Every structure is written in structure tokens, then in C-alpha cells.
Amino acid sequence: MATFVDRVVLHLQAGDGGHGCASIHREKFKPFGGPDGGNGGHGGSVSLVVDPQVTTLLDFHFRPHVKADNGKGGAGSNRDGANGRDLVLTVPNGTVVQTLDGTVLADMVGAGTTFEVARGGRGGRGNASLANARRKAPGFAELGEPGEQLDVVLELKSVADVGLVGFPSAGKSSLISVISAAKPKIADYPFTTLVPNLGVVRVDNHTFTVADVPGLIPGAATGKGLGLEFLRHVERCAVLVHVIDAATLEPGRDPLADIDTIEAELNEYGGLADRPRLVAVNKIDVPDGRDLAEIVRPDLEERGYRVFEVSAATREGLKELTYAMAELVEQARRAAPPAEPARIVIRPRAVDDAGFTIEAQPDGSYTVRGTRPERWVLQTNFDNDEAVGYLADRLARLGVEEKLAKAGAQPGDLVRIGEREFDWQPTLYAGVDFVPGNRGTDVRLEDKSTRATAAERLAARKARRKRPEDEFEGTDADVSDDVDERGDAE
């Protein structure tokens, strides 16, 4: 069984945030010492990092389900929960991260490159953090936010300067074993090589990598054989070398036909037309092979190829071939644009951006989309009326109700935020004149509230301050009588 995997599907689950704690400080002679519930810890994130020592995705093939640690819940006495431990997965250099539909999320090239693929959920705030001047003792706490959950595809595209392409048993593995320190498996039957082999070649002051791409046969670009699985390893190569078997005994095989077949597969795969080519006619140590190489050499040079007659067994012609590889690799490196450090892009939010949008649905309902409203809904405990009232206050302050009214929403219309559905009742969410009731309750949600409205309380206050008219009249009469009596006495 091959011990090389270059494409896997990962099922990722970041850690959930821990729940906040609703607690009241109690001790002797202090039965109600105020809220002291701690915050929940943040969930762990899942990140990928390039490790030069890793060369395959085999570990993920056997363990495709990955989950980070959850955050711990908060506790009383203002004790915050512990954060979940982040999970860091090492991947080979050249790993491409993409979604199931083919959207590329990251192209990880270079040792130490890191990409956070799934973010952990935020921890919920405890009632100590939720207390304010109006809500001095909240009877609720926020729930932890669920961590991101998604499926991604990891594809490994070998980062090599030179790619050796050719039919099975053309001698690619033998060639890479003698020009580098790589030790691939070599045998006298087709498809001996089931995995791409990488080797480092040093020529004078030049160092470059060579990849042996196996399994290219007619129809490989359409999924036949093993070619489609390994054609992706040719994409990053700057130079392609056709390795031709000059001693093949198969009928209908000759160097020109082999090159035409391989080129057709490369063109079918696409994106490789601009790569310079070299031709290595291998196995010239066989008498018939040398004669065949001399016959086809003029035809290959007429097509514009640089031809090298080599033998992996006797190492004849390998020096000239490696120098030609090094020359083309250096040309490609000089022509490549200079590597620039990753730029930090800051995208400030627009002044008029409320952070959410409202979409009217054909069925008459409305959908609120936005990071903050959806997160607030996830962190709300809907079994607690006071928590629901707090959510209503936050949405009202954010401007959700105002935009719903402008969008044409009527009381009783269905409104969706995330996975939750509500019957919109704007009169329930005044928020401006809110006085908390018992812990865990919200008087605004009661069907028949006996609490006086703001207008009624204002009228009663004015009535108390105003003195009756008859009281003023009696006072005037008493004063006049006193004056008359004092006048008579005089």
C-alpha cells in the first residue's frame, strides 16, 4: 500500500465558547453582595502550519475528523473559565486549502506559513460583566458561541523546480536516484512508482529540486490511471523534462509518439504551455537504444527541443542534462517577480454601515443578516425572559427595529435571525424606560402588565405637585379677615 496521500477531506470543528455564569455573591451578613458570575473561556481554533519535515497528508487520511477543545464555563466569585487549547495541524509545503466546491482559501507555500481555518467561539459573559447602572443585578448570563464547523479539501502540490514526465518504466525513478540523494523504489515492471519522489540536485553553486511525476498514460488528464492524481504536482514546476524510453519493446511505441501523447495530456490538463521543455532520451546503454536515439534526435531538435542522450545505469550524459536543468531554473528564478512580504490590509467599516442587512422574503417574512445580531442570538438563553429582553434592547440600540419598520415590517410578521424565528412586536421592546423586575424576568414580556406607562407616571407626578384651587381660595379669605380684625383694633 502506498504511504503517500496528496488529497484529503477534513471535517473541522473549532471549540465552543464556555457559558457565562449567573451568580450572586453571598456571605455572612451580606445576603445580597451583588453579581459575581465569571465569563466563559473562548473555544480553541484550528490552524494549519507548513512544516518542512512533513511530506504527505497521510495522517489526515486516517483521522479526517478534527476538533479543538471547548472553552470552560465561568463560575462564581468572578472566576473566568479557561480558554480551549488551539489545535495546530502541520501540513507539507505546497498544500492548497479549498472548500468542497473548489474555492481556494489559502495556498500555503513556505516554511512556517500559518492559516487559521476554523475560529473558536467566544465565551459568554457572566452577569458580573453584564451589570450596569440600570441592570445592577442581572439574573442571566450569555451562552458560549459555537465554534466554526466546516469541511475543507487539502491538496498537496509539490514545490519542485524540475518535473520529470514520461510513460511508466521510462526510467524517471532511476534518473532521479542518480542525480540526487533520493532513493525511490525501482523495479522492472510498470507503475512501480506510486508516489511522487522529490530529490535535491546540486550543480556547482546552483541547487534545485526535481520531482518524479508517475502514472502519465493516455487519458490521464481525464482521470484514467494514476495520472490525474499526480498531474497537480507538475503545476509548480518551472521546467519539464520528457524522459523517453529508447529501449522499449512495446509495439507502437517510439520517442516521438511518446512525447506527442504526454504533451496532449499536459495540454488537456492546462496551464503548462509556457514551461520550457527538455528531452532526455534514456537507456542509451542498450545498443538498440543508442541507435534509436541517434535516429530521432534530428526530428526532436527540429521541433525545438534540446535533446540529451543519457543513461541512468552508466551515468552517461547526466552532467550535461543537470547543467541544462540548472540553467533553465536560474532563468525562471530571475524572471519571477521578487517575493514580497504579506501585506497587512486594514478595511475599516464604512460610517453608514450598521453591520447588518435586512432582506424581505417572498413569503412575507424578513431575514436579518449580520455578524453581531447572529452572534447575539446564539449567545441568548431563550428560557430566561430577562435575557430575551436584554437581546431586544441590544437589537433596538443597533437599529434593527428601525430598519425593519423602514423595510415595511408589520407587527406580527415573521423575522429570522440566524436559526431563530420571531414574531415581530416592536411595542414590547421599548428599552428606553426599562426598570428591571425580579431576577430572570422581564415585565415587558408579560401578556397583561399592570405597570404604569411613562405618560401615566408623569401625569401622576404633576398631579401630586399641583395644589387644589379651593386650598388657594381658603388661604386668601383667611388673610383678608385677619387684616380687617387688625384694622378694627386700631
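Are helices H5 and H6 parallel or oblique to each other, or which other class does their angle fall into? To find out, select H5 (residues 255–269) together with H6 (residues 287–302), which pack at an angle of about 50 degrees with their axes 10 Å apart. H5 and H6 are therefore oblique to each other, since angles under 35 degrees count as roughly parallel, over 145 as roughly antiparallel, 65 to 115 as roughly perpendicular and the rest as oblique. The axes are lines fitted to C-alpha atoms, for helices over the stretch in contact, and angles run from 0 to 180 degrees between N-to-C directions.

Before going further, note that this is a predicted model, in which local features need pLDDT of at least 70 and side-chain atom pairs count only at pLDDT 80 or more, whereas totals for chains, interfaces and linings use all residues. Residues are numbered from 1 along each chain as its sequence is written, and side-chain values use heavy atoms, with hydrogens and water left out.

**The H5–H6 contact**

Show the side chains of Pro-255, Leu-256 and Ile-259 in H5, which meet Leu-292, Val-296, Asp-299 and Leu-300 in H6; contact here means heavy atoms within 4.5 Å. The residues of this contact divide into six nonpolar, no polar and one charged, where Ala, Val, Leu, Ile, Met, Phe, Trp, Tyr, Cys and Pro count as nonpolar, Asp, Glu, Lys and Arg as charged, and the others, Gly among them, as polar.

Now centre on Pro-255, which is found in H5 and is buried, with a relative accessible area of 1%. Buried means under 20% relative accessible area, exposed over 50%, and partly exposed in between (1.4 Å probe, protein chains only). Leaving aside residues up to four places away in sequence, Pro-255 touches Ile-244, Leu-292 and Val-296.

**The six-stranded sheet**

Next, colour the open sheet of six strands, whose order is S10-S11-S9-S12-S13-S14, with mixed pairing. Its edge strands are S10 (197–203) and S14 (306–309), each of which pairs on one side only; two strands pair if DSSP finds at least two bridges between them. Neighbouring strands of this sheet are turned by 25 degrees against each other on average, direction ignored. H6 packs on the sheet, touching S13 (277–282) and S14, and the direction of H6 makes about 165 degrees with that of S14.

Within the sheet, select S9 (residues 162–165) and S11 (residues 206–212), which pair in the parallel sense over three bridges, with Val-162 opposite Val-210 in S11.

**Strand S2**

Move to S2 (residues 46–50), where five of its five residues are buried. Val-46, Leu-48 and Val-50 lie on one side and Ser-47 and Val-49 on the other, so that both faces of S2 are covered. S2 pairs in the parallel sense with S4 (residues 87–91) over five bridges, and Val-50 stands opposite Val-91 in S4. With S7 (residues 114–118), S2 pairs in the antiparallel sense over four bridges, and Val-46 stands opposite Ala-118 in S7.

**Cysteines and the whole protein**

Finally, select Cys-21, which is buried with a relative accessible area of 15%, and then Cys-237, which at 2% also counts as buried. A search of the whole structure finds zero disulfides, a disulfide being a pair of cysteine sulfur atoms within 2.5 Å.

Zooming out, the protein has 12 helices and 18 strands, taken as DSSP runs numbered from the N terminus (helices H or I, at least four residues; strands E, at least two). Of its 490 residues, 42% count as buried.
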